[in-house]
Amino acid sequence: MVKHIILWTLNPELTDEQRVSIKSDIKQGLEGLASEIEGVIDITVQIDGRLASSNADLMLDSTFANEDALRHYATHPSHLQIANERVRPYTIQRSCLDYEI
């Protein structure tokens with residue numbers, strides 16, 4: 001299996017109200033892909049409980065059957081739509097860690 005972890009930082013120009021709405025939209029969209037894309041075992045987007053010591057605003061924690069499944073997810077039209085419409089317009093930084101478990 002493969003873990004795929006992403007940390008995002010939202011654009012600091014967003015209002016608090018916008019940040020709440022955007023994080024919720026990202027969570028809903030990405031977590032919905034778990035039942036749609038073959039090879040996805042689990043997707044969780046952490047948007048709440050952020051401590052002041054954090055330097056990221058939200059986290060994607062996902063598990064895939066294998067590396068091929070991760071590649072399939074990365075290029076799947078539904079994933080690309082969410083990334084292009086709900087994530088990329090509002091984030092200024094992305095960090096990724098992929099590893100085998």
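Helices, at least four residues long, and strands, at least two, are DSSP runs numbered from the N terminus. In this predicted model, helix H2 covers residues 67–75 and holds both Arg71 and Glu67. Four elements of the other kind, the strands, form an open antiparallel sheet. A search of the whole structure also finds 6 salt bridges.

**The sheet**

- The 4 strands of the open sheet follow the order S2-S3-S1-S4, and their pairing is antiparallel.
- Strand S2 (40–46) and strand S4 (91–100) are the edges; each has a single partner strand, so one side of each lacks a neighbour in the sheet.
- From one strand to the next, the twist averages 10 degrees.
- In a regular strand, side chains alternate between the two faces of the sheet.

**How the strands are joined**

- S2 and strand S3 (residues 58–64) run antiparallel and are joined by 6 bridges. Asp42 has Thr63 in S3 as its bridge partner.
- S1 and S3 also run antiparallel, with 7 bridges between them. Here Ile5 has Asp61 in S3 as its bridge partner.
- S1 and S4 are antiparallel and joined by 9 bridges. Thr9 is opposite Gln93 in S4.
- Strand S1 (residues 2–10) is largely enclosed by the rest of the structure, because 8 of its 9 residues are buried.

- Side chains of opposite charge can pair when their charged atoms come close.
- One of the salt bridges is between the side chains of Arg19 and Asp57, at 2.8 Å from N to O.
- Arg19 lies in helix H1 (residues 16–32) and Asp57 in the loop between S2 and S3, so the pair links parts of the chain 38 residues apart, where H1 and the loop are DSSP-based elements.
- Arg19 and Asp57 are both buried.

- Arg71 forms a salt bridge with Glu67, and their closest N and O atoms are 3.3 Å apart. The two residues are 4 residues apart in H2, about one turn of the helix.
- Arg71 also meets Asp68 in a salt bridge, at 2.3 Å from N to O. Because Asp68 and Arg71 are 3 residues apart in helix H2, about one helical turn separates them.
- Arg71 is partly exposed, with 46% relative accessibility, and Glu67 is partly exposed, with a relative accessible area of 46%.
- Asp68 has 51% relative accessibility and therefore counts as exposed, the cut-off being over 50%.

Notes
Residues are numbered from 1 along each chain as its sequence is written. This is a predicted model: local features need pLDDT of at least 70, side-chain atom pairs count only at pLDDT 80 or more; totals for chains, interfaces and linings use all residues. Side-chain values use heavy atoms; hydrogens and water are left out. Two strands pair if DSSP finds at least two bridges between them. Axes are lines fitted to C-alpha atoms, for helices over the stretch in contact, and angles run from 0 to 180 degrees between N-to-C directions. Buried means under 20% relative accessible area, exposed over 50%, partly exposed in between (1.4 Å probe, protein chains only). A salt bridge is a side-chain nitrogen of Lys or Arg within 4 Å of a carboxyl oxygen of Asp or Glu.
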